Amino acid sequence: MQMTSDQAYSALIERISPLVEALYPNEDAIALAHQFAAKSGIDKADCVMPVSHQSHWSEQDVMVITYGDSVVNDSEKPLKTLKKILDRFLKESVSMVHILPYYPYTSDGGFAVSDYEIINPDLGDWNDIGEISQAYKIMADLVVNHCSSEHPWFKAFESGDKKYENYFVQASPEDDLSEVVRPRTTPLLRLTRTPEGDKYVWCTFSHDQIDLNFSNPEVFLEVMRLISMYIDTGASILRLDAIGFLWKIIGTSCIHLPETHQAIQLMRALIEYRLSDAIIITETNVPKRENLTYFGNGNEAHMVYNFSLPPLLVNALLTGSAKHLKTWLMSMPPAQLGTTFLNFIASHDGIGVRPAEGILDPEELQNMIHALQSFGAQVSWRTGLNGEKHPYEINIALFDAFKGTCEGEDDYQVERMLCAHAIAIALEGVPAIYIHSFFATENDYESLEKTEHNRDINRHQWQEDALTPLLEDVNSKHYAVLSGLNRLIALRKKHAAFHPNATQFTLHLDDALFGFWRQSLTRHQSVFVINNVTNQSQTFSLAQLNLIDMDEWKEIITDQMITDLYGEMVLAPYQAVWITNRW
């Protein structure tokens with residue numbers, strides 16, 4: 001029996017009140033819960049009960065990650081150009097578009113937001129976002145761990161406005177902050193002059209990014225108002241940026257605190273009662289065990305980034321050994337229905353190395369870094385608990401990361417690029433591909449030299465009239481990568497065994513090969529995915545797969561029937577094969 005809107009609203013209040021009470025024990029939990037519902041745009045008259053453990057995705061879904069101005073045309077606003085590029089080259093491949101922060105900002109590539117309520121006028125306006133959302137599911141960035149030092153909230157704090165005196169996390173240089181974990185080497189506290197005297201505000205990332213104080217319920221209520229606005233303007237997927245650092249308690253690590261998880265559970269409840277098919281993605285670039293906690297009990301993130309995949313996959317193709325990639329995949333628990341992984345190899349940031357901790361030993365990590373540095377990579381650092389510096393991420397365009405192996409450059413750059421994505425596209429989860437990976441963009445040394453920000457090496461801005469001919473030139477590397485990726489995605493979409501929640505098991509093959517088995521939710525289709533991660537031909541016996549002899553089998557990438565289930569198959573360097581009993 002379907003709930004009435006009143007019953008659904010009552011269920012929401014019942015669900016969130018314990019969370020509100022846990023986070024704000026000195027407040028009237030029921031009254032504050034109603035305030036949260038109101039700020040989230042939830043009304044008794046049209047409240048709808050979300051369906052538990054429902055997956056809002058299928059094998060049809062692929063995400064592209066892009067800045068609003070990754071491609072520009074001087075005659076129009078970049079968001080209009082982006083829509084044209086998506087429609088022209090990626091419309092048949094992608095269903096979800098992650099447009100990186102499209103608000104005004106002061107630094108960090110958009111992640112120091114100076115106004116959450118308008119579109120950066122250099123990009124376009126809300127109508128442009130609305131037009132894109134008519135054809136694609138938009139993922140919006142919720143950058144609320146911190147705001148820009150130029151945001152009106154912080155300017156009001158600096159001027160002594162009482163309303164904002166508790167909007168930002170404050171501490172003293174005398175406090176014991178030795179346990180605080182953060183991905184930067186800059187000083188944690190920033191001195192701020194106010195009419196009441198000097199204050200020290202908390203800056204997890206930079207002194208232009210001031211951490212918001214979620215222990216003040218007024219801050220949380222404002223954030224829910226913003227989320228409701230983003231949903232109204234076309235977003236159906238919400239990325240919680242840097243969410244692991246949300247709650248601060250002096251004397252702790254200030255990462256992954258129980259209060260942070262409770263805050264996400266509160267956001268999740270309010271968002272899905274606001275929009276029943278909304279998807280929440282947590283961005284937590286940390287080792288696997290910590291990352292997976294953000295699924296909660298099916299009540300936090302719908303998706304988590306598969307952060308271990310990029311460094312391990314790149315390492316496998318550099319070394320010609322899938323040993324660590326295989327060990328990692330065997331240890332990955334299946335995601336329960338209603339949750340899944342977001343599988344990416346490259347993004348606007350670099351290749352994070354923290355998620356490889358405990359998998360690659362220090363020497364292996366250094367070998368990978370040295371190889372990528374020889375292909376032009378930069379390295380960004382973080383501060384450890386004892387003040388020592390550790391590599392945090394490797395900054396390089398993915399296409400250039402595949403220039404060669406640990407032995408040096410070779411002629412297999414395109415093949416490695418397609419092999420890596422054939423793996424990511426076939427794995428359990430939803431594939432997310434950086435727009436510059438689609439376009440085989442190379443290192444942007446000019447931007448790196450201009451800004452001296454390592455991440456800008458991987459944030460090239462194409463002119464549309466320069467990019468388009470390259471993507472249409474059948475003899476270019478750009479065309480080879482784009483057409484190769486589009487073809488793999490088209491094949492993925494035809495096969496139910498590639499549903500993000502379809503069964504997955506790791507195959508025990510030689511380390512030169514990386515393989516896994518996918519089975520559709522109905523168990524009707526199997527796909528065996530085998531990838532040669534070396535620059536040498538590799539032979540393996542089909543007998544290792546135990547193909548059922550009552551079925552017919554076909555390799556669908558080359559469109560070849562398998563006639564001898566016990567024969568041998570030769571894989572060219574970096575070749576991927578998908579062997580299935582349904583096509």
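What radius of gyration would a compact globule with 583 residues have, and what does the protein chain have? The globule would be near 25 Å and the protein chain has 24 Å, which agrees; the radius is taken over C-alpha atoms, and the globule rule is 2.2 Å times the number of residues to the power 0.38.

Before you click on, know that this is a predicted model, where local features need pLDDT of at least 70, side-chain atom pairs count only at pLDDT 80 or more, and totals for chains, interfaces and linings use all residues. Residues are numbered from 1 along each chain as its sequence is written, and side-chain values use heavy atoms, with hydrogens and water left out.

Now colour by secondary structure: you have 17 helices and 27 strands to look through. Helices (H or I, at least four residues) and strands (E, at least two) are DSSP runs, numbered from the N terminus.

Zoom in on Thr 383 and you'll find Lys 389 of strand 15 opposite.

Last stop: residues 503–506, which are strand 20. A hairpin of 6 residues leads from there to strand 21, and 4 bridges join this antiparallel pair. Show Thr 506, with Phe 516 of strand 21 opposite.

Note on methods
Buried means under 20% relative accessible area, exposed over 50%, partly exposed in between (1.4 Å probe, protein chains only). Two strands pair if DSSP finds at least two bridges between them.
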